[in-house]
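Thanks for coming. Please have a look at the structure first.

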Amino acid sequence: MLDKFREGLAAETHPTASVKMFATYVRQTPKGSEIGDFLALDLGGTNFRVLHIQLDGQDTKMESKIFLIPQVIMSGTGVQLFDHIADCIYKFMKENRLLDKELPLGFTFSFPCRQEGLAKAILTTWTKGFKCEGVEGNNIVELLHAAVKRRGDIKVKCVAVINDTVGALMSCAHSDRKCAVGIILGTGTNACYIENLDNVEVWNEDKNEPKTVIINTEWGAFGDDGCMDRIRTEYDRQVDKHSINPGMQKYEKMISGMYMGELVRLVLEKLRRHNLIFCGKGSEDLSTRGRFYTKYVSEIESDIDDGFKNTKQVFEELGLEHYLVEDCRIAQYVCSLVSRRAAYLAAAGTAAILHKMGRHEVTVAVDGSLYRFHPHFHDLMVEKIQALCPNTRFRLMLSHDGSGKGAAIVACCASSNT
Ligand code: ADP
């Protein structure tokens, strides 16, 4: 991972590097005293949200609303997607009586982007199930502003684009000065950290103080050059083959919430085919791709005694009728292997970042439902990072509402600079 970080940062190897190490144009963490009124958008996974955030030092007020992005729009055209986003902004502003205001907007857009400025982000590739035509290779701020203009009845100026990792980092750093890393373990996985400009060969902008920039690693693509193929399993290859982006995001596919349940399902199905579980009798649901949710992994691993209450409930939800206590034990063991591998892989990436930064003490902001709700993910990560970084004092801190608050903080810094 450290080698891949360096390849991404070096001018010569960056164009072909698998881990892109994009400079975010966010140069420093907040002071904690930021003040102002902002809109934020959060797009990048399960939910799309519009937010109104009032920053007043350590006192933050926030209103938000979740809007659905229908499947047809997720795989439709970019124009449809951004028109839909503009509709949602209008509805939100109307409901919250904001239509007469022109608030600076921070956009948390959590897909791999090459940035050419704080408010200029070019989508390199869709991930996490999105595939809208005509967006890759384009500046998403321009697409948003064009959609806003087509409507004509809202005043919105996007002043900053960040992703959810930067949001998590910024929102934790708002209250903890030692925070210098942001990690997402949700639908996908990614990480960012504060790097010295001297190490960022691809940085062609000013090198004034502060001589740092937040790097969005896009570590989900680690392994796309084949460097992990030796440790990938037949289940990993199947998940990849049937995904919307084969050959891409191989590290992400071994770790994150969009794929973990499916990995477990594939193992259980194979055991069943070999008559090693469920007396060889499965169910339609167990044979259906995507039907074993990652939240089941958390539920099954939360059973603490031989009553297997959650496990049995999951089996029933999957229409499995023929199971023994031994099958519960096997399913729990399979879940624990898949989640432990994921946590250790994420920990290895985190350890690489801590080594790269070389600080003695670091707070790591972490967000995402997988990390938040899995019963052991945090402990497994801490255990493995400790083993890999014995000389670093670190803390994994759950980030609350990073995508909204983080976007507002960056929008605040951006609008006070202009
Ligand atoms: P996103 O990353 O899309 O912004 P989340 O952080 O909520 O949003 O992550 C959603 C992912 O988390 C989904 O892939 C889902 O499978 C997974 N997830 C949801 N609930 C749980 C849970 N209880 N345990 C583990 N994973 C979960």
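**Cavities and the ligand site**

Let me start with the second largest cavity: β1 (22–23), β6 (113–117) and β8 (156–162) each give at least two residues to its lining. Strands here are DSSP runs (E, at least two residues) and helices are DSSP runs too (H or I, at least four), numbered from the N terminus.

Before I go on, this is a predicted model, in which local features need pLDDT of at least 70 and side-chain atom pairs count only at pLDDT 80 or more, while totals for chains, interfaces and linings use all residues. Residues are numbered from 1 along each chain as its sequence is written, and side-chain values use heavy atoms, with hydrogens and water left out.

A cavity is a set of points, on a 1 Å grid over the protein atoms alone, where a 1.4 Å probe fits but cannot get out; a pocket is an open set with protein on both sides within 12 Å along at least five of seven lines; lining residues have an atom within 4 Å of a point.

Back to the second largest cavity. Its volume is about 90 Å³, volume being the space filled by probe spheres set on the points, which are joined across faces, edges and corners. Among the residues in its lining are F22, F109, F111 and N216. By class, that lining has 8 nonpolar, 4 polar and no charged residues.

How many cavities of 30 Å³ or more are there? The count is 2.

The space it takes is the largest pocket. Helices α8 (257–273), α9 (294–301) and α12 (369–373) are the elements that give two or more residues to the shell around the ligand. That shell holds 13 residues, the closest being T46, T187, G257, S298 and S369, where near means a heavy atom within 4 Å. They divide into 3 nonpolar, 9 polar and 1 charged.

For S369, a side-chain N or O atom is 2.5 Å from an oxygen atom of the ligand.

Methods:
Polar contact = N/O pair within 3.5 Å; in protein donor to acceptor, adjacent residues only side chain to side chain. Sits in = over half its atoms within 2 Å of the grid points. Nonpolar A, V, L, I, M, F, W, Y, C, P; charged D, E, K, R; others polar.
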